[in-house]
Amino acid sequence: MNDNVKFVFTFLLLISLIVINRGTAFSQPLIINQAAISLGSVNGEVINNQYVSIAKVLSNSVLLSVKQSELETKLQSLLIDNAVLNQKNNSGISIVITEPTAQGDINVEVILELWLDGRRVSVTGEQMGSSVRLNIPKEFNYIEIKMVNPLKIHVPLSYRGDFNFVLDVEGWGG
């Protein structure tokens, strides 16, 4: 009887591993704009005598572009790590990325649009822990994530110096 229990447990564990490994999901990093983008000197508006609000337009609004043919499997969603879903509006999805510093948090708000094969498409997003998942609504040959509006950066009033933030995007499919 004890051997039967071990066999059944081992069999169920093996089946579980096969299901997990066959995977309904894969992770393949998608990387673009690896080089730092300098914002140069910036000026902003003081808010509540605590933060400086800065709006800055990037010279290249395309943050990510990938051809489906470059990927191993069909891309179904994009996961943006360390981001908070702020709101969905007509022009895209707004996310906030926070970088902690000794003087307080630096918050960067980015409004993103999803473009498939050169056409803007409606995108849905959901908060998943500390990440935001963007669902890709249909098949495509070419995908781009574009920044719609200027970056909205909130920096503590006492902060001086450089800061970096990363838009870390993973592709998920099955």
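Two strands count as paired if DSSP finds at least two bridges between them, and the strands themselves are DSSP runs (E, at least two residues), numbered from the N terminus. The model is predicted, so that local features need pLDDT of at least 70 and side-chain atom pairs count only at pLDDT 80 or more, while totals for chains, interfaces and linings use all residues. Residues are numbered from 1 along each chain as its sequence is written, and side-chain values use heavy atoms, with hydrogens and water left out.

**Exercise 1.** Work out which strands pair with β11, and in which sense.

Solution. Begin with strand β5 (residues 75-80), which pairs with strand β11 (residues 131-135) in the antiparallel sense over four bridges; here S77 stands opposite N135 in β11. Next take strand β10 (residues 124-128), which also runs antiparallel to β11 and is joined to β11 by five bridges, with G125 opposite L134.

**Exercise 2.** Find where N49 and D117 lie, and decide for each whether the residue is buried, partly exposed or exposed.

Solution. Recall that most residues other than glycine have a negative phi. N49, although not a glycine, has a positive phi of about 55°, and its place is in the loop between β2 (45-47) and β3 (51-56). D117, likewise not a glycine, has a positive phi of about 50° and is found in the loop between β8 (104-116) and β9 (119-121). For the second step, use the cut-offs: buried means under 20% relative accessible area, exposed over 50%, and partly exposed in between (1.4 Å probe, protein chains only). N49 has 63% and is therefore exposed, whereas D117 has 41% and is therefore partly exposed.

**Exercise 3.** Describe the surroundings of E144.

Solution. First locate E144 in strand β12 (residues 142-147). With a relative accessible area of 14%, E144 is buried. Then list its contacts (heavy atoms within 4.5 Å): leaving aside residues up to four places away in sequence, E144 touches V62, L64, S65, E113, L114 and W115.

**Exercise 4.** Identify the residues with the most contacts inside the largest nonpolar core, and the element that gives the most to this core.

Solution. A nonpolar core is a set of buried Ala, Val, Leu, Ile, Met, Phe, Trp, Tyr and Cys residues joined through side-chain atoms within 4.5 Å. The largest has 34 residues, and those with the most contacts inside it are L78, I95, V110, L114, I136 and I143. β8 gives the most to this core, with six residues.
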